[in-house]
Amino acid sequence: MLTRSRGRFRGAGSAALLLPLLAGCGLASTQGRTATPATPVPVRNAPYKGTCVGFNGLDRLNPAAEVRAGRFRVPGAAPVRVAAGTDVDWGLDPYDDRTWQLWFHSLEWLGGLIDAYARTGDRAALDTATGIARDWLAANDHPARFGRDRRDAIAEGTKFRLATLVCLRKYATGRWLDDAIAAHAEWLARPEHYSGPWNHGTDESMILMAAGCAIGRDDLAGLGRDRLLGAIFHPPGGALPAVDAEGAGNEQSAHYAVYNRGRWRLTLRVMRGCGRPAPAPIAHRLALMDEFIAFQTTPGGDLLQIGESYAAKASAIASPGGGPLEYVATQGRKGTRPADRARVYRAGYVMGRSGWGGGARAFADEMSYTARFGPGRYAHGQDDHMELTFHALGRDILVPSGHIGYSDKAWRAWLASPEAHSTLVVRGVPFREDAATALTAHRFRRGADTFRFSDTAFTGTTRTRSVLAASDPDALVVLDGVDSAAPGTGRPVEQLWHLPAAYTAVPDGTGAVATAGRLRVHFLRIPLPGTAAPQPGRVVRGSLSPPQGWTVPSERTTVPAPVVSLPALGPHVRMLTLIAPVRGTERPRVRTRALPDGGVRVEASFSRRVLVFEAASGGELRRLR
């Protein structure tokens, strides 16, 4: 059963490892004792080479006047009175939400005060920021006496708190501040506290480098830089590069590709501010990343919700530059058209479209598709291998189900599952999220892009998918297969096709028809020689038990949406499906002819055009006309 659960954040398990450092490395000032200085001692009176990396938007939510009035606010919640002057009640948890506690203990809400001093020279603002920082250090000494939620918030907030202290260090000085920065940075420097080559590790390493430069600790700054270079060029633990040589990110999420684009650009600025070389290949990879992100947008201007991603517009991407991102953000009016119409990214993406506008079709009228393969689930990825997205005739047709955020474990688990994606599901056997999916063939031809996948992600079975993405007429042809390892032990199999919430859908014999406005999408099962007769199609919308038929555009926002289910059963299943969008009430006309090799030739007429293709017995799809 899907229910709401109280707020949680990731990475909380390291809290216990922070406790000795808080007490022993001078992170907190203590009553009646002198804090032991960190070693080696920071360079005194050194030129400030740190970089303030910002406050994750908490400075805008908490302007100086609000903080001086003792109030603190996080996104989506009302402000809470937390302080009288600089005396803060650090044990507060008004929403029973550990994420609220995390941002409270991050100190990033002091950013409005720091910015106010930088802009106006308001000494009272700086004194308030300094006083609250010192109050945090004094009040959180020996956190073993606190409850688990507060301890975890202290631990998880370390990198954000360090970033805030580095920003404060630009305008305030004192042994206490340098010691606090050193202690936080040394905690991040410990190998067990490095998250690895994804956005958490990027932030940790960037902030570590900024902190080392701010207090003259070359050892800490160098370690932060080394970790950043390792994440790009030699990622640890068998992970893919944070940004690879093709510009693809490794987090398997469109949202986090955009986020990491900004964080890595900031990282290069921190390197330069530290007086350390920023390798040219990183800047080159970031330039290629713009095209990688552009392929994950639709002709309608939306950023696809691939992986853990919220609904977003391409036009909302900050600082798009003059290249492919500006091109898609302005629907071809500005920027540079991507060099290719279709691309394979070795990180696990096949993405393409009929074109980028400027020819016979306007930008918004183009067809686009994406598909996922590659290594198993990582970072902010989902179990979406072989998933298809599809945009045609001016509308989204197949979409991922979305991202609920990190507060509700049950919803998040379902949204990550294969059942929440337009893919092929085998019932009754375990799914292995660490299983890789291979791209076994691909060919890009105008009007007829084809590609094939294979994996063993569902235990005891081999799953295959062949796709023909056609344009003029716009359509998808999908040939799926499932072979069970043990003969005679066939499992139920389902093709799942997830539509946006704006659609209604009804079964139509062995297929289904979905409608949104004047657009109708026909899901047509085409019988294959030597296979069992197709079973009736089904449609599910807004089911909670079992969960199915939802889209989630934003945090904690669930919207019922139709899912077309096309079932089959047997030890050796083959399913051929034509997804044909049309305007108006036209019904596609389909004629088939068996081929000598056991395949089938199909002629489909719709949208005043004809699509002729062959599905070979070996799984190949080929457009003839």
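In the predicted model, Arg341 and Asp449 form a salt bridge whose closest N and O atoms are 2.8 Å apart, a salt bridge being a side-chain nitrogen of Lys or Arg within 4 Å of a carboxyl oxygen of Asp or Glu. Because Arg341 lies in the loop between helix 14 (324-329) and strand 7 (342-345) and Asp449 in strand 14 (residues 448-455), the pair ties together parts that are 108 residues apart in sequence; helices (H or I, at least four residues) and strands (E, at least two) are DSSP runs, numbered from the N terminus. Both Arg341 and Asp449 are buried, where buried means under 20% relative accessible area, exposed over 50%, and partly exposed in between (1.4 Å probe, protein chains only).

As this is a predicted model, local features need pLDDT of at least 70 and side-chain atom pairs count only at pLDDT 80 or more, whereas totals for chains, interfaces and linings use all residues. Residues are numbered from 1 along each chain as its sequence is written, and side-chain values use heavy atoms, with hydrogens and water left out.

The structure holds 38 salt bridges. One of them joins Asp122 to Arg68, with the closest N and O atoms 2.9 Å apart; since Asp122 lies in the loop between helix 5 (111-120) and helix 6 (123-139) and Arg68 in helix 3 (residues 64-68), this pair ties together parts that are 54 residues apart in sequence. Asp122 is partly exposed, at 28% relative accessible area, and Arg68 is likewise partly exposed, at 40% relative accessibility. A further salt bridge links the side chains of Arg71 and Glu66 (2.9 Å, N to O).
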